[in-house]
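Dear colleague,

I am handing over the structure below, and the notes after it set out what was found when the coordinates were examined. Please read them alongside the model itself.

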Amino acid sequence: MRLITQIGEWFDHRLQLAAPIREAAEHPVPRNTASWFYVFGSAALTVFLLQLVTGILLALIYVPSGGEAWSSLQALNHQVALGWFIRAMHGWGSNFMVAIVLIHMVQVFLFGAHKYPRELTWVIGVFLLLMTLGMAFTGQVMRFDQDAYWGLGIGASIASRVPIIGPAVVKLMLGGPIIAGATLSRFFALHVFVIPGMLIAFVGLHVLMVLKLGINEWPMPGRIVKRATYEAEYHAMTRNEGAPFVPYAVWKDMFFAAFIILAIAACAYYFGPFGPTGQPDPTIIQTAPKPDYFFLWLYALLSLLPPSLETPFLLIGPPLVILGLILLPFLSGEGEKSWKRRPIAVITVLMIAITLGTFTRLAQFTPWSPHMNAWSGDPIPDRYIHGTTALERQGALVFQVKQCRNCHSIGNTGGQRGPALDSVAVRLTRDQLIRQVIQGGGNMPAYGNNLSPAETTALVAFLETLHPATQSPARDGARDLVLSENTAKSATQP
Amino acid sequence: MTTKPVIAPSNEDTLSRRGFFMKLGILFNGFAAMVLAVPVVGFLLSSVTRGRASGYLSWVPLGRIDEFPEGETRLATFRNPNVMPTDGKTVDTACWVRRVAGEKFQVFAINCAHLGCPVRWFPQSGLFMCPCHGGAYYRDGARASGPPERGLFEYPYKVENGLVTIQAGELPTPGAAIASLTGEKPPCA
């Protein structure tokens with residue numbers, strides 16, 4: 001024991017780090033910050049360190065080459081002992097990191113921690129969020145599979161919409177004219193060197209500022225932040241009723257960090273690694289690429305926006321959001337910190353959370369995507385054909401063969417891009433059905449060129465049978481009247 | 001060289017020997033950084049400048065003309081003209097070839113004009129459908145419905161010695177101002 005102390009003293013005589021480390025560890029924090037609400041920052045740091053370690057481990061096997069990345073991932077999954085587990089830890093760690101960073105951000109915002117004098121800490125935090133998302137996207141590219149390949153295509157298509165320099169940006173992003181080996185290499189450089197390097201530097205600054213400025217005190221309704229007096233009040237608070245960070249508050253951070261690591265390990269163990277899905281071979285087109293979890297909301301947004309709004313939204317929206325986040329502490333740097341007195345802040349957070357949550361949920365079952373195999377894979381339920389005429393059955397065949405089913409569901413199977421047709425006859429009259437089929441419109445292609453008159457007649461005859469037993473099909477009253485007049489006339493004529 | 005009289009070294013206006021050499025050092029390093037910046041920036045932008053100088057596009061064969069029956073649309077694959085050793089399978093590209101009649105063709109890019117997902121051809125309904133956001137196109141590539149703002153991208157083609165050849169080499173994207181890829185005539189034509 002004496003020897004260890006002596007060795008320690010020998011090193012500290014030269015390094016002189018013990019005193020500043022002790023000072024940092026034992027700096028006084030407001031007692032009420034020793035709370036389970038204050039553990040997300042340290043948890044994010046913990047997951048980041050976990051990502052560094054698992055990332056380095058993966059790099060021992062992974063080959064960042066367009067030709068070999070996919071097979072090296074297969075080797076990690078199946079050949080290298082526990083390679084699957086390290087991949088799973090890295091993948092789940094990424095999901096956890098984005099989630100924890102977002103929770104941390106919401107907590108900081110609702111507790112008013114972005115206000116004076118911690119504006120710069122917030123701004124750097126915004127950059128850390130962007131870098132975390134950057135890591136998530138570039139990480140998805142590292143899993144060089146079909147989703148990664150077409151995801152890059154989507155990224156390139158978005159980048160190409162930048163006015164004037166769009167095509168140059170695409171080539172810069174892809175490292176060439178197409179998505180290929182050079183693309184993977186440069187995303188590897190971003191994912192492994194550039195962004196982590198910046199992350200380490202910015203995390204260092206972020207933590208340094210928390211130490212220098214002190215952790216945000218628990219917000220009390222009515223305790224107003226003023227630039228002139230805040231720092232003196234804060235120092236008085238920590239001096240008079242503060243407690244040393246270690247061990248008074250740190251134990252909760254440690255417990256939560258360990259819990260998160262175990263949670264990631266449990267997810268990794270039970271759910272396993274993400275992919276890789278099919279090979280990155282662009283000649284295999286039977287694929288429906290989907291982004292990773294944290295970009296699903298964007299996937300939904302890009303389907304639901306009106307086409308003409310898309311490009312402005314994509315190019316102007318993100319810079320505006322980032323600018324808003326950066327300006328936030330400068331626009332509301334003083335005043336109430338407590339969420340109890342900041343209803344607009346609470347509503348804003350709820351709105352954003354509900355919006356992102358709804359979009360994410362929608363993107364999980366993509367109602368806007370045609371079901372490519374519904375026409376040949378989903379049969380028409382018996383009850384829709386039972387007791388129908390030959391013409392109506394022929395129409396049901398046309399309905400399947402012409403891929404109507406890819407976008408329209410019947411009996412809850414089929415695409416959801418268009419409306420479900422189980423009761424279409426109640427909504428549309430015969431003439432309206434014919435018009436809709438032939439001319440399309442309302443986001444439906446026109447089928448006029450691809451249906452013979454006989455096919456149209458059969459199809460519409462089938463569609464007219466689609467109504468609940470208790471509801472009669474829609475009728476054009478005027479048409480009935482004209483027809484009955486005609487019959488009456490012909491009946492009276494000799 | 002200064003015209004001011006040399007007085008006490010602490011005066012801010014004067015330039016001491018050390019101060020002069022330090023400024024010279026900064027200047028010299030700035031010069032070195034500039035010299036270094038030329039190849040560094042040149043290297044970083046090489047994928048852009050290469051495209052501008054000689055271009056990435058060249059003519060690649062798709063197959064014999066009799067592989068494409070008249071009035072039908074078939075999937076064809078070709079190898080991208082620029083291949084790097086690490087590209088693997090990514091340089092193999094698919095496209096839809098529609099033989100309208102005789103030697104009249106339409107060669108569509110596989111990439112949806114919305115966000116580049118691979119569109120699939122359904123001959124029964126005469127539609128191209130995109131699995132991502134539900135874009136649909138008619139058999140001639142014109143936009144039918146969904147989020148795309150335009151029709152499918154078309155490759156310029158020619159038929160020589162019974163071979164269908166297209167001009168390819170770049171990923172078609174909505175913003176690419178390449179008239180040949182957009183299938184539209186340039187404004188001066």
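**Where the two chains meet**

In this model, which is predicted, 59 residues of chain A are in contact with 50 residues of chain B. The elements of chain A that each give two or more residues to the side touching chain B are helix H7 (146-159), helix H8 (166-174), helix H9 (181-213), helix H13 (296-304) and helix H14 (307-331). Sorted by class, that side of chain A has 30 nonpolar, 22 polar and 7 charged residues. For the model as a whole, the scores are ipTM 0.85 and pTM 0.89.

**Helix packing in chain A**

Helix H13 of chain A, which is listed above among the elements that touch chain B, also packs against helix H15 (residues 343-365) of chain A, with the axes 7 Å apart and at an angle of about 80 degrees. Because angles from 65 to 115 degrees count as roughly perpendicular, H13(A) and H15(A) are described as roughly perpendicular to each other. On the H13(A) side the residues are A:Leu296, A:Trp297, A:Tyr299, A:Ala300 and A:Leu301, and they meet A:Leu356, A:Phe359, A:Thr360, A:Leu362, A:Ala363 and A:Gln364 of H15(A). The residues of this contact divide into 9 nonpolar and 2 polar, with no charged residue.

A second pair in chain A consists of helix H3 (residues 40-59) and helix H12 (residues 250-271), whose axes come within 9 Å and cross at roughly 45 degrees. H3(A) and H12(A) are therefore oblique to each other, and H3(A) passes H12(A) in a right-handed crossing. The contact is made by A:Ser42, A:Ala43, A:Thr46, A:Val47 and A:Leu50 of H3(A), together with A:Asp253, A:Phe256, A:Ala257, A:Ile260, A:Ile261 and A:Ile264 of H12(A). By class, the residues of this contact are 8 nonpolar, 2 polar and 1 charged.

**Strands in chain B**

Strand E3 (residues 92-101) of chain B runs antiparallel to strand E2 (residues 73-79) of chain B, to which 7 bridges join it, and E3(B) is also joined by 6 bridges to strand E4 (residues 104-109) of chain B, again antiparallel. B:Trp96 of E3(B) takes part in both pairings, being the bridge partner of B:Leu75 and standing opposite B:Phe108 in E4(B). The hairpin of E3(B) and E4(B) has 2 residues between the strands, and in it B:Gly102 takes a positive phi near 55 degrees.

Further along chain B, 4 strands form an open sheet in the order E5-E6-E7-E8, with antiparallel pairing. Its edge strands are E5 (120-122) and E8 (143-145) of chain B, each of which pairs on one side only, and the twist averages 35 degrees from one strand to the next. Between E5(B) and strand E6 (residues 127-129) of chain B there are 3 bridges, and B:Arg120 has B:Met129 as its bridge partner in E6(B).

**Confidence in chain B**

The mean pLDDT of chain B is 85, and 84% of its residues reach 70 or more. Where pLDDT is low, the predicted coordinates should not be read in detail.

Definitions and conventions:
Residues are numbered from 1 along each chain as its sequence is written. Chains are lettered from A and ligands numbered from 1 in the order in which they are written. This is a predicted model: local features need pLDDT of at least 70, side-chain atom pairs count only at pLDDT 80 or more; totals for chains, interfaces and linings use all residues. pLDDT is the predictor's confidence in each residue, from 0 to 100. Axes are lines fitted to C-alpha atoms, for helices over the stretch in contact, and angles run from 0 to 180 degrees between N-to-C directions. Angles under 35 degrees count as roughly parallel, over 145 as roughly antiparallel, 65 to 115 as roughly perpendicular and the rest as oblique. A crossing is left-handed if the near helix is turned anticlockwise from the far one by less than a right angle, and right-handed if clockwise. Two residues are in contact if their C-beta atoms, placed from the backbone, lie within 7 Å. Ala, Val, Leu, Ile, Met, Phe, Trp, Tyr, Cys and Pro count as nonpolar, Asp, Glu, Lys and Arg as charged, and the others, Gly among them, as polar. Two strands pair if DSSP finds at least two bridges between them.
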